[in-house]
Amino acid sequence: QVQLEESGGGSVQAGGSLRLSCAASGIIFSMNVMGWYRQGPGKQRELVARITPGGSTSYADSVKGRFTISRDNGKSTIYLQMNSLKPEDTALYYCNALHMRYHYDPDLGSWGQGTQVTVSS
């Protein structure tokens, strides 16, 4: 059974930092594209950052230069380091795992339960 467990969310003032973690089990971690998505109040879900098995990364334009995604294959865990946080970063953040054999559609993979990030001004 696939399990993705996010942690590290919380409340922070604008300009602050948080680091999110997602621990995965029930998958061959090294064969999965891993991603962070978020959904704010009244907004659609959006891709925040993604990392391939080979370590290539991509980011939403809105977070480039502020957020960093990384993976630790030994711990089957991905991280999202979030710096210079803005109120518009407020959202529920979800971890996603998608086996690399699939074309990239995160809904073909697995989702975590989400962790809340709230940024106040």
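Arg38, Glu46, Arg66 and Asp89 are linked in a network of salt bridges, a salt bridge being a side-chain nitrogen of Lys or Arg within 4 Å of a carboxyl oxygen of Asp or Glu. The model is a predicted one, in which local features need pLDDT of at least 70 and side-chain atom pairs count only at pLDDT 80 or more, while totals for chains, interfaces and linings use all residues. Residues are numbered from 1 along each chain as its sequence is written, and side-chain values use heavy atoms, with hydrogens and water left out.

By the salt-bridge rule, the count comes to five. Arg38 is buried, with a relative accessible area of 5%, whereas Glu46 is partly exposed at 32% (buried means under 20% relative accessible area, exposed over 50%, partly exposed in between, with a 1.4 Å probe and protein chains only). Asp89 and Arg66 form a salt bridge at 2.8 Å, N to O. Asp89 lies in the loop between E8 and E9 and Arg66 in the loop between strand E6 (57–59) and E7, so the pair ties together parts that are 23 residues apart in sequence. Strands (E, at least two residues) are DSSP runs, numbered from the N terminus. Asp89 is buried at 1% relative accessibility, and Arg66 is buried at 10%.

Aromatic rings were examined next. Ring pairs link Tyr37, Tyr94 and Trp111 into a cluster; rings of Phe, Tyr and Trp (its six-membered ring) pair if their centres lie within 6.5 Å, and planes under 30 degrees apart count as stacked, over 60 as edge-to-face and the rest as tilted. The structure holds two such pairs. The ring centres of Tyr37 and Trp111 are 5.1 Å apart and the planes stand at 70°, so this pair is edge-to-face. Tyr37 lies in strand E4 (residues 32–39) and Trp111 in strand E10 (residues 110–111), so the pair ties together parts that are 74 residues apart in sequence. Tyr37 counts as buried at 5% relative accessibility, while Trp111 counts as partly exposed at 28%. The rings of Tyr94 and Trp111 have centres 6.3 Å apart and planes at 85°, so this pair is also edge-to-face.

The charged end of Arg45 sits over the ring of Tyr37, 5.6 Å from its centre (the criterion is NZ of Lys or CZ of Arg within 6 Å of the ring centre and within 35 degrees of the ring normal). Arg50 lies over the face of Tyr104, at 4.2 Å from the ring centre.

Terms used:
Helix = DSSP H or I, 4+ residues; strand = E, 2+ residues; numbered from the N terminus.
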